[in-house]
Amino acid sequence: MSAVLELDDVAIQFGGVQAVGGVSLAVEAGEFVGLIGPNGAGKTTLIRIIAGLLRPDRGRVMLAGADVTSDPTATRVRRGLALTHQIVRPFREMTVLDNVVLAAGVEHTSSPLRALLSIGRRRESERAAEILASVGLAGTERKLAGSLPLGQLKRLELARGLAIDPKVILLDEPLAGLNHTEASKQAETIADVHRRGLTVVLVEHNLEEVMRNCRRLVVLNNGQVIGDGEPRAVMADPVVHDAYVGGGMVSHAES
Amino acid sequence: MSAYGISLVSIAGINVILAVSLNIISGFCGQISLGHAAFFGAGAYAAALTMIATANVPLALLAALIMGCALGIIVGFASLRVRSDFLAVTTIGVNFLFVGFVRKQGWLGGEMGISGIPATGFGATGNAIMIVALACMTIAFSLYMSRSWMGFAFRAVGEDESAAATLGINARAYKLAAFGIGTALAGLAGALYTFFTQFITVDSFDFVFSVMLLAMVVIGGVGSTWGVAVAAVGLTLLPEAIRFVNDYRLLVFGGMLVLVIRLAPGGLAALTRNLFARGKRV
(Lines give C-alpha, C1' and ligand atoms only; values in the text may rest on other atoms or scores of the structure.)
Protein backbone atom coordinates (compact mmCIF):
# COMPACT_ATOMS: atom_id res chain seq x y z
CA MET A 1 0.00 0.00 0.00
CA SER A 2 1.61 3.23 -1.13
CA ALA A 3 -1.16 5.62 -0.16
CA VAL A 4 0.36 8.62 1.63
CA LEU A 5 -2.98 9.93 2.79
CA GLU A 6 -6.02 7.75 3.07
CA LEU A 7 -9.57 8.46 4.20
CA ASP A 8 -11.66 5.42 4.92
CA ASP A 9 -15.42 6.00 5.07
CA VAL A 10 -15.06 9.26 7.02
CA ALA A 11 -18.31 10.79 8.21
CA ILE A 12 -19.33 13.57 10.57
CA GLN A 13 -22.64 15.09 11.54
CA PHE A 14 -23.35 18.52 13.01
CA GLY A 15 -26.71 18.78 14.77
CA GLY A 16 -28.49 16.50 12.33
CA VAL A 17 -26.72 17.82 9.24
CA GLN A 18 -24.48 15.26 7.57
CA ALA A 19 -21.54 17.54 6.71
CA VAL A 20 -19.39 14.69 5.46
CA GLY A 21 -21.16 11.42 4.69
CA GLY A 22 -18.76 8.56 4.17
CA VAL A 23 -15.84 9.83 2.15
CA SER A 24 -13.18 7.33 1.06
CA LEU A 25 -10.14 8.63 -0.73
CA ALA A 26 -6.60 7.40 -1.19
CA VAL A 27 -3.86 9.76 -2.28
CA GLU A 28 -0.85 7.89 -3.68
CA ALA A 29 2.71 9.10 -3.32
CA GLY A 30 3.61 11.64 -5.99
CA GLU A 31 0.06 12.55 -6.92
CA PHE A 32 -1.24 16.06 -7.45
CA VAL A 33 -4.87 15.98 -6.38
CA GLY A 34 -7.29 18.85 -6.66
CA LEU A 35 -10.21 18.83 -4.27
CA ILE A 36 -13.11 21.02 -5.29
CA GLY A 37 -16.76 21.41 -4.55
CA PRO A 38 -19.36 24.14 -4.22
CA ASN A 39 -19.72 26.10 -0.98
CA GLY A 40 -21.17 23.87 1.72
CA ALA A 41 -19.96 20.70 -0.01
CA GLY A 42 -17.98 19.73 3.09
CA LYS A 43 -14.51 20.66 1.88
CA THR A 44 -13.58 22.71 4.92
CA THR A 45 -14.96 20.06 7.27
CA LEU A 46 -12.98 17.38 5.47
CA ILE A 47 -9.80 19.48 5.70
CA ARG A 48 -10.39 19.96 9.41
CA ILE A 49 -10.79 16.22 9.83
CA ILE A 50 -7.57 15.56 7.93
CA ALA A 51 -5.76 18.25 9.94
CA GLY A 52 -6.93 16.76 13.21
CA LEU A 53 -9.09 19.69 14.30
CA LEU A 54 -12.26 17.55 14.14
CA ARG A 55 -12.82 13.92 15.13
CA PRO A 56 -15.05 12.12 12.61
CA ASP A 57 -18.10 10.20 13.92
CA ARG A 58 -16.92 7.19 11.99
CA GLY A 59 -14.17 6.21 9.61
CA ARG A 60 -10.41 6.46 9.74
CA VAL A 61 -7.71 8.88 8.65
CA MET A 62 -4.42 7.21 7.69
CA LEU A 63 -1.07 8.84 7.06
CA ALA A 64 1.55 6.68 5.35
CA GLY A 65 -0.25 3.58 6.55
CA ALA A 66 -0.62 4.67 10.20
CA ASP A 67 -4.01 5.36 11.73
CA VAL A 68 -3.97 8.96 12.99
CA THR A 69 -7.72 9.39 13.50
CA SER A 70 -7.34 10.19 17.19
CA ASP A 71 -4.02 12.05 16.99
CA PRO A 72 -3.79 15.81 17.44
CA THR A 73 -2.53 18.11 14.69
CA ALA A 74 1.06 18.26 15.91
CA THR A 75 1.40 14.45 15.81
CA ARG A 76 0.07 14.31 12.25
CA VAL A 77 2.51 17.01 11.19
CA ARG A 78 5.33 14.91 12.63
CA ARG A 79 4.08 11.97 10.58
CA GLY A 80 4.59 13.95 7.41
CA LEU A 81 1.46 16.03 6.87
CA ALA A 82 2.06 19.68 6.05
CA LEU A 83 -0.85 22.08 6.28
CA THR A 84 -1.28 25.60 5.04
CA HIS A 85 -4.08 27.77 6.30
CA GLN A 86 -6.60 29.44 4.07
CA ILE A 87 -6.32 32.52 6.25
CA VAL A 88 -2.60 33.07 6.71
CA ARG A 89 -1.26 32.66 10.23
CA PRO A 90 2.38 33.70 10.34
CA PHE A 91 4.11 34.42 13.63
CA ARG A 92 3.91 38.15 13.03
CA GLU A 93 6.43 39.13 15.66
CA MET A 94 9.10 36.80 14.27
CA THR A 95 11.19 37.42 11.19
CA VAL A 96 10.26 35.69 7.97
CA LEU A 97 13.36 33.52 8.30
CA ASP A 98 12.53 32.50 11.89
CA ASN A 99 9.04 31.47 10.83
CA VAL A 100 10.59 28.93 8.47
CA VAL A 101 13.53 28.01 10.75
CA LEU A 102 11.06 26.96 13.43
CA ALA A 103 9.32 24.69 10.94
CA ALA A 104 12.65 23.31 9.75
CA GLY A 105 13.49 22.43 13.35
CA VAL A 106 10.67 19.92 13.91
CA GLU A 107 13.31 17.45 15.07
CA HIS A 108 14.34 19.78 17.89
CA THR A 109 10.85 20.71 19.02
CA SER A 110 9.47 17.16 19.25
CA SER A 111 9.44 17.43 23.05
CA PRO A 112 10.06 20.32 25.46
CA LEU A 113 13.05 18.55 27.02
CA ARG A 114 14.67 17.93 23.66
CA ALA A 115 14.01 21.54 22.72
CA LEU A 116 15.63 22.76 25.95
CA LEU A 117 18.77 20.77 25.19
CA SER A 118 19.08 21.98 21.59
CA ILE A 119 20.68 25.31 20.81
CA GLY A 120 22.29 25.55 17.36
CA ARG A 121 20.16 26.50 14.40
CA ARG A 122 22.65 27.17 11.64
CA ARG A 123 21.70 24.14 9.58
CA GLU A 124 18.00 25.00 9.89
CA SER A 125 18.69 28.63 8.97
CA GLU A 126 20.48 27.59 5.81
CA ARG A 127 17.69 25.23 4.84
CA ALA A 128 15.06 27.86 5.62
CA ALA A 129 16.84 30.40 3.43
CA GLU A 130 16.94 27.89 0.56
CA ILE A 131 13.24 27.16 0.91
CA LEU A 132 12.39 30.86 1.03
CA ALA A 133 14.35 31.38 -2.16
CA SER A 134 12.53 28.45 -3.81
CA VAL A 135 9.13 30.04 -3.17
CA GLY A 136 10.29 33.46 -4.32
CA LEU A 137 10.79 35.11 -0.94
CA ALA A 138 14.55 35.67 -1.14
CA GLY A 139 15.44 39.04 0.31
CA THR A 140 12.63 39.14 2.87
CA GLU A 141 14.38 36.95 5.46
CA ARG A 142 15.02 39.66 8.03
CA LYS A 143 11.68 41.42 7.76
CA LEU A 144 9.04 40.86 10.40
CA ALA A 145 6.46 38.44 9.05
CA GLY A 146 3.71 40.83 10.10
CA SER A 147 5.01 43.44 7.68
CA LEU A 148 4.64 41.30 4.53
CA PRO A 149 1.75 41.84 2.08
CA LEU A 150 -0.78 39.04 1.64
CA GLY A 151 0.75 37.70 -1.55
CA GLN A 152 4.06 37.08 0.22
CA LEU A 153 2.37 35.72 3.35
CA LYS A 154 0.68 33.08 1.19
CA ARG A 155 4.17 32.11 0.00
CA LEU A 156 5.43 32.08 3.55
CA GLU A 157 2.68 29.59 4.48
CA LEU A 158 3.88 27.38 1.68
CA ALA A 159 7.51 27.76 2.76
CA ARG A 160 6.68 26.76 6.34
CA GLY A 161 4.80 23.73 5.06
CA LEU A 162 7.76 22.66 2.94
CA ALA A 163 10.22 23.22 5.78
CA ILE A 164 8.79 20.41 7.90
CA ASP A 165 9.91 18.09 5.10
CA PRO A 166 6.49 16.49 4.64
CA LYS A 167 5.34 13.45 2.70
CA VAL A 168 2.18 15.21 1.64
CA ILE A 169 1.18 18.85 1.68
CA LEU A 170 -2.43 19.91 2.06
CA LEU A 171 -2.96 23.39 0.65
CA ASP A 172 -6.15 25.11 1.72
CA GLU A 173 -6.94 27.76 -0.90
CA PRO A 174 -3.36 28.95 -1.38
CA LEU A 175 -4.48 31.26 -4.19
CA ALA A 176 -7.43 32.88 -2.44
CA GLY A 177 -7.12 36.65 -2.15
CA LEU A 178 -4.31 36.89 -4.71
CA ASN A 179 -4.58 38.87 -7.92
CA HIS A 180 -4.25 37.13 -11.27
CA THR A 181 -0.48 37.56 -11.64
CA GLU A 182 0.24 36.57 -8.05
CA ALA A 183 -2.07 33.58 -8.32
CA SER A 184 -0.44 32.17 -11.42
CA LYS A 185 3.02 32.70 -9.91
CA GLN A 186 1.93 30.91 -6.74
CA ALA A 187 0.36 28.09 -8.80
CA GLU A 188 3.63 27.77 -10.69
CA THR A 189 5.53 27.45 -7.40
CA ILE A 190 3.15 24.74 -6.25
CA ALA A 191 3.52 22.86 -9.54
CA ASP A 192 7.26 23.13 -9.03
CA VAL A 193 6.97 21.66 -5.54
CA HIS A 194 5.09 18.71 -7.04
CA ARG A 195 7.68 18.26 -9.77
CA ARG A 196 10.32 17.88 -7.07
CA GLY A 197 8.44 14.82 -5.85
CA LEU A 198 6.09 16.02 -3.13
CA THR A 199 2.53 14.74 -2.96
CA VAL A 200 0.13 17.68 -3.16
CA VAL A 201 -3.53 17.97 -2.22
CA LEU A 202 -4.87 21.30 -3.41
CA VAL A 203 -8.19 22.67 -2.20
CA GLU A 204 -8.98 25.65 -4.35
CA HIS A 205 -11.77 27.76 -5.78
CA ASN A 206 -9.66 28.94 -8.67
CA LEU A 207 -10.81 26.27 -11.15
CA GLU A 208 -8.58 27.52 -13.92
CA GLU A 209 -5.40 26.82 -11.96
CA VAL A 210 -6.78 23.54 -10.61
CA MET A 211 -7.55 22.27 -14.11
CA ARG A 212 -4.19 23.40 -15.39
CA ASN A 213 -2.06 21.78 -12.70
CA CYS A 214 -3.84 18.84 -11.09
CA ARG A 215 -3.49 15.33 -12.48
CA ARG A 216 -6.48 14.09 -10.57
CA LEU A 217 -9.63 15.86 -9.54
CA VAL A 218 -11.92 14.97 -6.67
CA VAL A 219 -15.30 16.68 -6.55
CA LEU A 220 -17.23 16.87 -3.32
CA ASN A 221 -20.92 17.68 -3.06
CA ASN A 222 -23.23 17.40 -0.05
CA GLY A 223 -20.51 15.60 1.85
CA GLN A 224 -20.06 12.90 -0.81
CA VAL A 225 -17.44 12.29 -3.49
CA ILE A 226 -19.34 12.67 -6.76
CA GLY A 227 -16.38 12.63 -9.09
CA ASP A 228 -12.83 11.30 -8.94
CA GLY A 229 -10.38 10.89 -11.78
CA GLU A 230 -8.70 12.63 -14.68
CA PRO A 231 -9.75 16.31 -14.38
CA ARG A 232 -11.26 16.76 -17.83
CA ALA A 233 -13.12 13.46 -17.70
CA VAL A 234 -14.47 14.33 -14.25
CA MET A 235 -15.65 17.73 -15.36
CA ALA A 236 -17.34 16.19 -18.40
CA ASP A 237 -19.35 13.84 -16.18
CA PRO A 238 -22.99 15.02 -16.25
CA VAL A 239 -23.40 14.33 -12.50
CA VAL A 240 -20.54 16.68 -11.65
CA HIS A 241 -21.79 19.05 -14.27
CA ASP A 242 -25.29 19.27 -12.83
CA ALA A 243 -24.28 19.35 -9.18
CA TYR A 244 -21.47 21.80 -9.39
CA VAL A 245 -20.51 23.77 -12.45
CA GLY A 246 -22.33 25.20 -15.37
CA GLY A 247 -20.99 24.43 -18.84
CA GLY A 248 -19.57 27.94 -19.01
CA MET A 249 -17.02 27.27 -16.31
CA VAL A 250 -15.68 24.14 -17.91
CA SER A 251 -15.12 25.81 -21.22
CA HIS A 252 -13.59 28.76 -19.38
CA ALA A 253 -11.18 26.42 -17.67
CA GLU A 254 -10.34 24.72 -20.91
CA SER A 255 -9.69 27.94 -22.79
CA MET B 1 27.86 45.28 54.67
CA SER B 2 25.26 46.34 57.23
CA ALA B 3 22.52 43.96 58.30
CA TYR B 4 20.09 46.22 56.47
CA GLY B 5 22.14 46.05 53.29
CA ILE B 6 22.32 42.28 53.50
CA SER B 7 18.58 41.96 53.92
CA LEU B 8 17.99 44.27 50.93
CA VAL B 9 20.29 42.16 48.77
CA SER B 10 18.49 39.00 49.91
CA ILE B 11 15.03 40.34 49.12
CA ALA B 12 16.16 41.75 45.77
CA GLY B 13 17.68 38.36 44.88
CA ILE B 14 14.49 36.52 45.79
CA ASN B 15 12.41 38.97 43.75
CA VAL B 16 14.72 38.53 40.77
CA ILE B 17 14.14 34.76 40.86
CA LEU B 18 10.39 35.30 41.15
CA ALA B 19 10.15 37.87 38.35
CA VAL B 20 12.44 35.97 35.98
CA SER B 21 10.53 32.73 36.59
CA LEU B 22 7.19 34.47 36.02
CA ASN B 23 8.67 35.86 32.82
CA ILE B 24 9.26 32.29 31.62
CA ILE B 25 5.53 31.55 31.97
CA SER B 26 4.04 34.90 30.95
CA GLY B 27 6.79 36.42 28.82
CA PHE B 28 8.26 33.48 26.91
CA CYS B 29 5.17 31.31 26.66
CA GLY B 30 2.49 34.02 26.79
CA GLN B 31 0.46 32.45 29.61
CA ILE B 32 -0.56 35.36 31.84
CA SER B 33 -0.37 34.25 35.46
CA LEU B 34 -1.62 36.46 38.28
CA GLY B 35 -1.06 33.83 40.94
CA HIS B 36 2.71 33.49 41.05
CA ALA B 37 2.78 34.31 44.78
CA ALA B 38 0.87 31.08 45.49
CA PHE B 39 3.72 28.94 44.10
CA PHE B 40 6.22 31.10 45.98
CA GLY B 41 4.18 30.46 49.13
CA ALA B 42 3.86 26.72 48.47
CA GLY B 43 7.64 26.53 48.23
CA ALA B 44 8.09 28.59 51.39
CA TYR B 45 5.77 26.35 53.42
CA ALA B 46 7.31 23.16 52.01
CA ALA B 47 10.78 24.44 52.95
CA ALA B 48 9.60 25.54 56.42
CA LEU B 49 8.12 22.12 57.22
CA THR B 50 11.20 20.35 55.86
CA MET B 51 13.53 22.55 57.91
CA ILE B 52 11.53 21.94 61.09
CA ALA B 53 11.52 18.21 60.47
CA THR B 54 15.11 17.70 59.25
CA ALA B 55 17.01 21.03 59.35
CA ASN B 56 18.53 19.88 56.05
CA VAL B 57 19.00 22.83 53.67
CA PRO B 58 19.43 20.96 50.34
CA LEU B 59 16.41 18.81 51.20
CA ALA B 60 14.33 21.91 51.97
CA LEU B 61 15.36 23.48 48.65
CA LEU B 62 14.41 20.30 46.83
CA ALA B 63 11.06 20.02 48.64
CA ALA B 64 10.22 23.62 47.74
CA LEU B 65 11.21 23.11 44.12
CA ILE B 66 9.08 19.97 43.83
CA MET B 67 6.11 21.55 45.65
CA GLY B 68 6.14 24.62 43.39
CA CYS B 69 6.48 22.49 40.28
CA ALA B 70 3.73 20.04 41.25
CA LEU B 71 1.25 22.80 42.05
CA GLY B 72 2.29 24.61 38.87
CA ILE B 73 1.65 21.59 36.67
CA ILE B 74 -1.80 21.15 38.22
CA VAL B 75 -2.61 24.80 37.45
CA GLY B 76 -0.93 24.35 34.07
CA PHE B 77 -3.55 21.77 33.21
CA ALA B 78 -6.11 24.53 33.70
CA SER B 79 -4.21 26.63 31.18
CA LEU B 80 -4.83 23.91 28.59
CA ARG B 81 -8.56 24.29 29.08
CA VAL B 82 -9.05 28.04 29.14
CA ARG B 83 -8.28 30.94 26.82
CA SER B 84 -5.53 33.28 27.90
CA ASP B 85 -7.69 36.01 29.47
CA PHE B 86 -9.53 33.43 31.55
CA LEU B 87 -6.22 31.95 32.60
CA ALA B 88 -5.43 35.26 34.32
CA VAL B 89 -8.71 34.97 36.22
CA THR B 90 -8.08 31.30 37.01
CA THR B 91 -4.64 32.03 38.43
CA ILE B 92 -6.06 34.86 40.57
CA GLY B 93 -8.48 32.26 41.90
CA VAL B 94 -5.61 29.87 42.63
CA ASN B 95 -3.85 32.58 44.63
CA PHE B 96 -6.94 33.31 46.74
CA LEU B 97 -7.56 29.59 47.17
CA PHE B 98 -4.00 29.11 48.40
CA VAL B 99 -4.24 31.93 50.94
CA GLY B 100 -7.72 30.87 52.07
CA PHE B 101 -6.65 27.24 52.45
CA VAL B 102 -3.46 27.94 54.40
CA ARG B 103 -5.23 30.38 56.74
CA LYS B 104 -7.48 27.57 57.98
CA GLN B 105 -4.83 24.87 58.36
CA GLY B 106 -3.61 24.31 61.91
CA TRP B 107 -0.63 22.26 60.75
CA LEU B 108 0.50 25.19 58.62
CA GLY B 109 0.18 27.60 61.52
CA GLY B 110 -3.10 29.10 60.28
CA GLU B 111 -3.31 32.87 60.72
CA MET B 112 -0.20 32.93 62.90
CA GLY B 113 2.09 31.38 60.30
CA ILE B 114 5.12 29.26 61.09
CA SER B 115 7.78 30.69 63.36
CA GLY B 116 10.98 29.38 64.87
CA ILE B 117 12.15 27.79 61.63
CA PRO B 118 15.71 26.43 62.14
CA ALA B 119 18.44 28.61 60.64
CA THR B 120 20.49 27.39 57.70
CA GLY B 121 23.67 27.89 59.70
CA PHE B 122 25.20 30.04 56.95
CA GLY B 123 24.50 33.30 58.76
CA ALA B 124 22.80 36.31 57.15
CA THR B 125 25.74 36.92 54.81
CA GLY B 126 25.94 33.27 53.82
CA ASN B 127 22.22 33.22 53.07
CA ALA B 128 22.53 36.38 50.99
CA ILE B 129 25.41 34.86 49.00
CA MET B 130 23.37 31.70 48.37
CA ILE B 131 20.39 33.81 47.25
CA VAL B 132 22.48 35.95 44.89
CA ALA B 133 24.17 32.85 43.47
CA LEU B 134 20.82 31.16 42.80
CA ALA B 135 19.42 34.40 41.33
CA CYS B 136 22.39 34.53 38.93
CA MET B 137 21.85 30.89 38.02
CA THR B 138 18.17 31.60 37.36
CA ILE B 139 19.08 34.50 35.07
CA ALA B 140 21.67 32.35 33.26
CA PHE B 141 19.15 29.52 32.84
CA SER B 142 16.53 31.92 31.54
CA LEU B 143 18.98 33.43 29.03
CA TYR B 144 19.97 29.96 27.88
CA MET B 145 16.36 28.85 27.58
CA SER B 146 15.47 31.92 25.56
CA ARG B 147 18.17 31.03 23.01
CA SER B 148 17.31 27.32 22.92
CA TRP B 149 14.69 25.71 20.73
CA MET B 150 12.45 25.64 23.78
CA GLY B 151 12.41 29.45 23.94
CA PHE B 152 11.79 29.51 20.20
CA ALA B 153 8.84 27.12 20.51
CA PHE B 154 7.53 29.05 23.56
CA ARG B 155 7.37 32.24 21.49
CA ALA B 156 5.44 30.39 18.79
CA VAL B 157 2.98 28.91 21.31
CA GLY B 158 2.57 32.31 22.96
CA GLU B 159 1.76 33.97 19.67
CA ASP B 160 -0.52 31.43 17.98
CA GLU B 161 -1.11 27.95 19.34
CA SER B 162 -2.80 26.50 16.30
CA ALA B 163 -0.17 27.87 13.95
CA ALA B 164 2.42 26.27 16.24
CA ALA B 165 0.56 22.96 15.96
CA THR B 166 0.82 23.05 12.18
CA LEU B 167 4.59 23.21 12.66
CA GLY B 168 4.44 20.03 14.73
CA ILE B 169 4.72 21.81 18.09
CA ASN B 170 2.65 20.24 20.83
CA ALA B 171 1.37 23.42 22.49
CA ARG B 172 -0.03 21.53 25.53
CA ALA B 173 3.32 19.98 26.39
CA TYR B 174 5.10 23.31 26.05
CA LYS B 175 2.58 25.20 28.17
CA LEU B 176 2.88 22.57 30.90
CA ALA B 177 6.67 22.78 30.67
CA ALA B 178 6.55 26.57 31.05
CA PHE B 179 4.34 26.30 34.12
CA GLY B 180 6.37 23.46 35.60
CA ILE B 181 9.72 25.24 35.21
CA GLY B 182 8.47 28.70 36.19
CA THR B 183 6.67 27.52 39.30
CA ALA B 184 9.52 25.23 40.37
CA LEU B 185 11.76 28.33 40.42
CA ALA B 186 9.08 30.23 42.36
CA GLY B 187 9.11 27.37 44.88
CA LEU B 188 12.88 27.67 45.10
CA ALA B 189 12.49 31.40 45.82
CA GLY B 190 10.01 30.42 48.54
CA ALA B 191 12.62 28.24 50.25
CA LEU B 192 15.14 31.09 50.12
CA TYR B 193 12.56 33.42 51.65
CA THR B 194 11.97 30.93 54.46
CA PHE B 195 15.73 30.68 55.11
CA PHE B 196 15.93 34.47 55.12
CA THR B 197 13.05 35.27 57.50
CA GLN B 198 12.75 32.03 59.51
CA PHE B 199 9.16 33.11 60.02
CA ILE B 200 6.40 32.96 57.42
CA THR B 201 2.78 34.01 57.35
CA VAL B 202 0.42 33.53 54.47
CA ASP B 203 -0.02 37.30 54.03
CA SER B 204 3.37 37.46 52.33
CA PHE B 205 2.00 35.35 49.46
CA ASP B 206 -1.20 37.20 48.64
CA PHE B 207 -2.64 38.36 45.35
CA VAL B 208 -1.22 41.87 45.73
CA PHE B 209 2.28 40.39 45.68
CA SER B 210 1.42 38.46 42.50
CA VAL B 211 0.40 41.75 40.89
CA MET B 212 3.70 43.31 42.01
CA LEU B 213 5.59 40.45 40.34
CA LEU B 214 3.66 40.85 37.11
CA ALA B 215 4.35 44.61 37.32
CA MET B 216 8.09 43.81 37.49
CA VAL B 217 7.76 41.67 34.35
CA VAL B 218 5.79 44.29 32.43
CA ILE B 219 7.92 47.24 33.52
CA GLY B 220 11.10 45.31 32.76
CA GLY B 221 9.84 44.26 29.36
CA VAL B 222 7.76 41.14 28.74
CA GLY B 223 10.04 38.37 27.50
CA SER B 224 13.34 40.12 28.30
CA THR B 225 15.34 38.34 31.01
CA TRP B 226 17.67 41.27 31.66
CA GLY B 227 14.90 43.85 31.62
CA VAL B 228 12.85 41.86 34.09
CA ALA B 229 15.83 41.22 36.39
CA VAL B 230 16.73 44.91 36.43
CA ALA B 231 13.11 45.90 37.08
CA ALA B 232 12.90 43.39 39.94
CA VAL B 233 15.96 44.91 41.62
CA GLY B 234 14.82 48.46 40.92
CA LEU B 235 11.29 47.97 42.19
CA THR B 236 12.62 46.26 45.31
CA LEU B 237 15.00 49.10 46.14
CA LEU B 238 12.80 52.02 45.12
CA PRO B 239 10.48 51.89 48.17
CA GLU B 240 13.56 51.68 50.40
CA ALA B 241 15.20 54.67 48.79
CA ILE B 242 12.16 56.91 48.54
CA ARG B 243 9.91 57.15 51.55
CA PHE B 244 6.95 58.37 49.49
CA VAL B 245 7.08 55.26 47.27
CA ASN B 246 7.01 53.07 50.36
CA ASP B 247 3.92 54.84 51.72
CA TYR B 248 2.09 54.69 48.41
CA ARG B 249 3.63 51.51 47.05
CA LEU B 250 0.57 50.16 45.24
CA LEU B 251 -0.31 53.57 43.85
CA VAL B 252 3.20 54.14 42.49
CA PHE B 253 3.57 50.64 41.03
CA GLY B 254 0.08 50.72 39.58
CA GLY B 255 0.79 54.10 38.03
CA MET B 256 4.09 52.89 36.56
CA LEU B 257 2.35 49.82 35.18
CA VAL B 258 -0.26 51.93 33.41
CA LEU B 259 2.37 54.33 32.09
CA VAL B 260 4.53 51.53 30.73
CA ILE B 261 1.61 49.77 29.05
CA ARG B 262 0.42 53.07 27.59
CA LEU B 263 3.73 54.65 26.57
CA ALA B 264 6.34 51.91 26.28
CA PRO B 265 4.72 48.49 25.89
CA GLY B 266 8.14 46.89 25.49
CA GLY B 267 9.17 48.04 28.97
CA LEU B 268 12.71 48.92 30.06
CA ALA B 269 14.17 46.41 27.60
CA ALA B 270 12.62 48.10 24.58
CA LEU B 271 13.47 51.59 25.88
CA THR B 272 17.16 50.67 26.21
CA ARG B 273 17.16 49.00 22.80
CA ASN B 274 15.66 52.10 21.19
CA LEU B 275 18.16 54.32 22.98
CA PHE B 276 21.06 52.27 21.63
CA ALA B 277 19.56 52.16 18.16
CA ARG B 278 19.17 55.95 18.19
CA GLY B 279 22.72 56.38 19.51
CA LYS B 280 24.08 54.32 16.64
CA ARG B 281 22.18 56.28 14.05
CA VAL B 282 23.47 59.67 15.21
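Is the crossing of α9(B) and α12(B) left-handed or right-handed? In this predicted model, where local features need pLDDT of at least 70, side-chain atom pairs count only at pLDDT 80 or more, and totals for chains, interfaces and linings use all residues, the crossing is left-handed; the term applies if the near helix is turned anticlockwise from the far one by less than a right angle, and right-handed if clockwise. Residues are numbered from 1 along each chain as its sequence is written, while chains are lettered from A and ligands numbered from 1 in the order in which they are written.

The axes of α9 (207-220) and α12 (249-263) of chain B come within 10 Å and cross at roughly 35°. Here axes are lines fitted to C-alpha atoms, for helices over the stretch in contact, with angles running from 0 to 180 degrees between N-to-C directions; helices (H or I, at least four residues) and strands (E, at least two) are DSSP runs, numbered from the N terminus. On the α9(B) side the contact is made by Val208(B), Met212(B), Ala215(B), Val218(B) and Ile219(B), contact being defined as C-beta atoms, placed from the backbone, within 7 Å. Among the partners on α12(B) are Phe253(B), Met256(B) and Val260(B). By class, this contact has 11 nonpolar, no polar and no charged residues (Ala, Val, Leu, Ile, Met, Phe, Trp, Tyr, Cys and Pro count as nonpolar, Asp, Glu, Lys and Arg as charged, and the others, Gly among them, as polar).

Leaving aside neighbours within four places in sequence, Leu188(B) is in contact with residues including Ile17(B), Leu61(B) and Leu134(B).

Between the chains, 21 residues of chain B are in contact with 23 residues of chain A. On the chain B side, α6(B) gives the largest share, seven residues, and the residues of that side divide into 13 nonpolar, four polar and four charged.

Chain A itself is divided into domain 1 (1-80 + 167-179 + 198-255) and domain 2 (86-165), with bounds from an automatic or database domain assignment. Their C-alpha centres lie 26 Å apart.

Key: Two residues are in contact if their C-beta atoms, placed from the backbone, lie within 7 Å.
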